[in-house]
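Work through the exercises below with the model open. Each task is followed by a solution in steps.

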Amino acid sequence: MLGDVRAATLITGASSGIGEELAYRFAQNRDPLVLVALPPDAAALQRVGAKCRELGAAEVHCIEADLSRADSIDAIERELTALGLYPRILVNNAGFGVMTPFASGSEEQQIKSILVNCVALTALSRRFLPGMIARKNGGILNTASTGGMVPGPGMAIYFATKAFVISLTEALEHELRGTGVSVTALCPGPTVTAFLERSGMTNSQMFVSMKAMTASEVAEIGYRAFQRRKTVQIAGVRNWFAMLGLRLMPRRMRLNTIWKLHQPTTAG
Ligand SMILES: NC(=O)c1ccc[n+]([C@@H]2O[C@H](COP(=O)([O-])OP(=O)(O)OC[C@H]3O[C@@H](n4cnc5c(N)ncnc54)[C@H](OP(=O)(O)O)[C@@H]3O)[C@@H](O)[C@H]2O)c1
């Protein structure tokens, strides 16, 4: 049975931003690529798929799936099986967050972000990790965030979801020692993608005061960290120092600073 299926790279959130750029990096490998994104972005996904073929990917498949739905994991597995593929590499990149105080934010969006950022990432990893371990070959690249390294007043749920991703990654790395399978958490800071507009961060003190990186720069750092089997990789030296500074602050000062960074620039 194992001999009948071929190794693939499965990338979620591949229709734009960091996921799109990661797809272009993984296109250089020989494995077929399977790109996942929300159904309304099917055209964007097809465009990314076409560029991956231009970059050398021999085979590219696009799957439309809403990862906030519990049945999406079964649907992805069914499509992979129908294609005769299994994920040797899983890139859990899809994610979103909304910048609002916890008690006044949209409950629906908050729960959805937990379902996409944490539940789907966990379910996909749990579904495909045993196959990687059995084959003694493979790896998972999770897109977390520097926000996962500190609490995030003003964007509390998003920061908490990314803390979950970093914690899970670090624990799995320990459990996977000696199996031939690696797991990496990429932690970008502010990055110029649709995420900033979607999360309502473009007018925030954080976006204005910190120099955002490009999705291409972040994806390159993440791809290299995954190849080196690094467990947690902060994207860029500037973000590394910003996190060091925040973590060295007393707790109350740290929370005040993050809260201020999450305020609109017009608030003064
Ligand atoms: N940009 C930043 O400043 C920043 C900083 C730290 C971490 N990150 C993380 O980086 C990752 C990629 O984000 P990005 O910045 O590249 O933003 P993006 O361009 O908005 O990309 C997000 C991707 O996730 C997909 N996605 C969202 N909800 C989904 C759902 N329910 N089902 C399936 N796919 C879904 C999107 O698909 P559609 O386009 O079809 O909606 C899109 O492909 C996310 O995990 C984000 O949390 C971003």
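For the class counts used below, Ala, Val, Leu, Ile, Met, Phe, Trp, Tyr, Cys and Pro are nonpolar, Asp, Glu, Lys and Arg are charged, and the others, Gly among them, are polar. The model is predicted, with local features needing pLDDT of at least 70 and side-chain atom pairs pLDDT 80 or more, while totals for chains, interfaces and linings use all residues. Residues are numbered from 1 along each chain as its sequence is written, and side-chain values use heavy atoms, with hydrogens and water left out.

**Exercise 1.** Find the cavities of 30 Å³ or more in the whole structure and describe their linings.

Step 1. On a 1 Å grid over the protein atoms alone, a cavity is a set of points where a 1.4 Å probe fits but cannot get out; a pocket is an open set with protein on both sides within 12 Å along at least five of seven lines; lining residues have an atom within 4 Å of a point. Grid points are joined across faces, edges and corners, and a volume is the space filled by probe spheres set on the points.

Step 2. The search returns two cavities of 30 Å³ or more.

Step 3. Residues lining the largest cavity include Gly97, Phe102, Gln109, Met155 and Tyr158. By class, this lining has six nonpolar, five polar and no charged residues.

Step 4. Among the residues lining the second largest cavity are Thr12, Asn92, Ala120 and Leu124. Helices (H or I, at least four residues) and strands (E, at least two) are DSSP runs numbered from the N terminus; α4 gives the most to this lining, with four residues. The classes are six nonpolar, three polar and no charged.

**Exercise 2.** How do α3 and α4 pack, and through which residues?

Step 1. Axes are lines fitted to C-alpha atoms, for helices over the stretch in contact, and angles run from 0 to 180 degrees between N-to-C directions. The axes of α3 (residues 72-83) and α4 come within 10 Å and cross at roughly 40°.

Step 2. Angles under 35 degrees count as roughly parallel, over 145 as roughly antiparallel, 65 to 115 as roughly perpendicular and the rest as oblique. α3 and α4 are therefore oblique to each other.

Step 3. Contact means heavy atoms within 4.5 Å. Ile73, Asp74, Ile76, Glu77 and Leu80 of α3 meet Ala120, Ala123, Leu124, Arg127 and Phe128 of α4. This contact comprises seven nonpolar, no polar and three charged residues.
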